[in-house]
Amino acid sequence: MKLASLKRGRDGALLVVSRDLSRAVEATDVAPTMQAALDDWANKAQPLQALYEQLNAGNVDGAFELDANALASPLPRAYQWADGSAYVNHVELVRKARGAEMPESFWHDPLMYQGGSDSFVGPRDPIVAASEDWGIDFEAELAVITGDVPMGVEPAAASQHIKLLMLVNDVSLRNLIPGELGKGFGFFQSKPASAFSPVAVTPDELADAWDGVKAHLPMVVHLNGEAFGRPNTGVDMTFDFAELIAHAAKTRELEAGSIVGSGTISNYDRSLGSCCLAERRMLEKLEHGEPKTPFMRFGDRVRIEMFGNDGATIFGAIEQSVEEYRG
């Protein structure tokens, strides 16, 4: 099943989207918003699935051509956005480039930060920044949306709480990060609004590429129309989604509609490219002594997408350009 949110009000209007992403139908008679559907998933999932099957069969009234530009992120705002760093080789690389040792604990205790979730931007909305000097970077990630998760859930039970998956562009302002982390209190200004894929999908849409806790497909990234990276999301993922959810729920419940991110996708096989500029710059620094690739400038465009083993796009594409904020 594939779901989306039409831009309407603060929380959007729930859509069911066809498997090929060509058509959609409003599902507001089942649940007015994505969050409302997640709040009552046990009762809403089946009628939404039935509508999805009717739409794919061409047997539903009110269907219309889908326009990704009219979509908000599947959850235009969320009660929780917790982003992990599951690809520890990525963390190791970044620290190595600045001459810092990586604590051994990073291999068995996930890194995670709590991001701003009061407002996300749509999959075709611009990345807005007041200055190129902030070091504008994209980060291509996979995320899950949970149902209600009990406090203290064990990883073995956590996977059953995964309801939907989606792609993320977790934008970072790299040149603001050192000053913020130097205060010892984490990210805030350096993490502007994230964007998510046009649709969120139930895990079965990934077919055998989903093993219950990981997706085993390339994350395909283009920068200004040129191939930038396609590392596999299931390779070198130190902590799977069940482990990330259990980590987030160690001392609190997670409410339905909580989003848990994987962190930047990264493989040890560097021939597959990268999912963020910072990683490429670190590799350049290690090889050449200094980075050569600049951070994003006004007018630059990034495209993030994932294709199934059948070659079809699964989530649609996040496609954003960088625009100057003028106040």
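Q: Does Trp210 count as buried or exposed, and at what relative accessibility?
A: This is a predicted model, where local features need pLDDT of at least 70, side-chain atom pairs count only at pLDDT 80 or more, and totals for chains, interfaces and linings use all residues. Residues are numbered from 1 along each chain as its sequence is written, and side-chain values use heavy atoms, without hydrogens and water. Buried means under 20% relative accessible area, exposed over 50%, and partly exposed in between (1.4 Å probe, protein chains only). Trp210 therefore counts as buried, at 14%.

Q: Which kind of aromatic pair do Trp81 and Phe196 form?
A: Rings of Phe, Tyr and Trp (its six-membered ring) pair if their centres lie within 6.5 Å; planes under 30 degrees apart are stacked, over 60 edge-to-face, and the rest tilted. By this rule there are 5 aromatic pairs. For Trp81 and Phe196, the centres are 5.5 Å apart and the planes make 80°, so by the cut-offs the pair is edge-to-face.

Q: How many residues apart are Trp81 and Phe196?
A: Helices (H or I, at least four residues) and strands (E, at least two) are DSSP runs, numbered from the N terminus. Trp81 sits in strand β6 (residues 81-84) and Phe196 in strand β13 (residues 195-196), so defined, and this pair of distant chain parts is separated by 115 residues.

Q: What do the rings of Trp210 and Phe241 form: a stacked, edge-to-face or tilted pair?
A: Phe241 counts as buried because its relative accessibility is 1%. With Trp210, its ring centres lie 6.5 Å apart and the planes meet at 40°, so the pair is tilted.
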